[in-house]
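Dear colleague,

Please find below the structure that I am handing over to you, followed by a summary of what was found in it.

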Amino acid sequence: MTGRGQRVPPTARIAEFPKTAAEQARWWERHILEVLDGLLPDAPEGTVPRSEFDPKRTSLAQREWAKAAELTADGHPMTASGIKQRRQRYQRDGLVGLADGRSAKQMPEYGRVAPAVIEAMRQAIAETAEAVSYPSS
């Protein structure tokens, strides 16, 4: 359990993901925190956990099952093992662990070389190729 108010810190790497993937990760974070702590992160002080998410009355596995059932009923089909996997990734990697890794920004074709340098090199290669005279047949 992370403890009330002790969120896994989000990392700067979430900026590597498209906005929709980052929003989806934050959506998942709310649900995972409820599984871990019993309450949604923005629950007012003094809020009592719903019975199926109360860490004092239910095991972590029971809370994972309850969250899977809740999400499935809300039109987001999910299994308890899927919740467990997301929880484990969140506990290990923070918010980034909940983001769809397939959507992370890819390294540009030429790495971190400035586009102006790439364009200058292309132009120099083109000018060199034009300057080379080939023997005629």
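Trp-27 is partly exposed, with a relative accessible area of 26%. Here "partly exposed" covers the range between buried (under 20% relative accessible area) and exposed (over 50%), computed with a 1.4 Å probe and protein chains only. Please note that this is a predicted model, in which local features need pLDDT of at least 70 and side-chain atom pairs count only at pLDDT 80 or more, while totals for chains, interfaces and linings use all residues. Residues are numbered from 1 along each chain as its sequence is written, and side-chain values use heavy atoms, with hydrogens and water left out.

Trp-28, by contrast, is buried at 7% relative accessibility. One aromatic pair is present in the structure. The ring centres of Trp-27 and Trp-28 are 5.1 Å apart and the planes stand at 80°, so this pair is edge-to-face. For such pairs, the rings of Phe, Tyr and Trp (its six-membered ring) must have centres within 6.5 Å; planes under 30 degrees apart are stacked, those over 60 are edge-to-face, and the rest are tilted. Arg-86 lies over the face of Trp-28, at 4.2 Å from the ring centre; this requires NZ of Lys or CZ of Arg within 6 Å of the ring centre and within 35 degrees of the ring normal.

As to the overall fold, the chain has four helices and zero strands, giving the pattern α-α-α-α along the sequence. Helices (H or I, at least four residues) and strands (E, at least two) are DSSP runs numbered from the N terminus. Of the 137 residues in the chain, 32% are buried. Among contacts (heavy atoms within 4.5 Å) between residues at least 6 apart in sequence, 57% join residues at least 24 apart. Phe-17, in the segment before helix 1 (19–37), is buried at 6% relative accessibility. The C-alpha atoms of Phe-17 and Val-96 are separated by 8.9 Å, although these residues are 79 apart along the chain.

The search for salt bridges (a side-chain nitrogen of Lys or Arg within 4 Å of a carboxyl oxygen of Asp or Glu) found nine in the whole structure. One of them joins the side chains of Arg-50 and Glu-34, at 2.8 Å from N to O. This pair links distant parts of the chain, 16 residues apart: Arg-50 is in the loop between helix 1 and helix 2 (60–73), and Glu-34 is in helix 1. Both residues belong to a network of salt bridges that also includes Glu-52, Lys-67 and Glu-70. Arg-50 is partly exposed at 36%, whereas Glu-34 is buried at 4% relative accessibility.

Glu-64 and Arg-87 form a further salt bridge, with the closest N and O atoms 2.5 Å apart. Glu-64 lies in helix 2 and Arg-87 in helix 3 (residues 80–93), so the pair ties together parts 23 residues apart in sequence. Glu-64 and Arg-87 are both buried.

Finally, Val-113, Val-117, Met-121 and Ile-125 form a nonpolar surface patch with about 370 Å² of accessible area together. Patches consist of residues with over 30% relative accessible area and no salt bridge, like charges being joined within 9 Å and nonpolar side chains (Val, Leu, Ile, Met, Phe, Trp, Tyr) within 5 Å. Ile-125, in helix 4 (residues 115–131), is exposed at 58% relative accessibility.

With kind regards

Terms used:
Accessible areas come from the Shrake-Rupley method with a 1.4 Å probe; for residues, only the protein chains shown count as cover.
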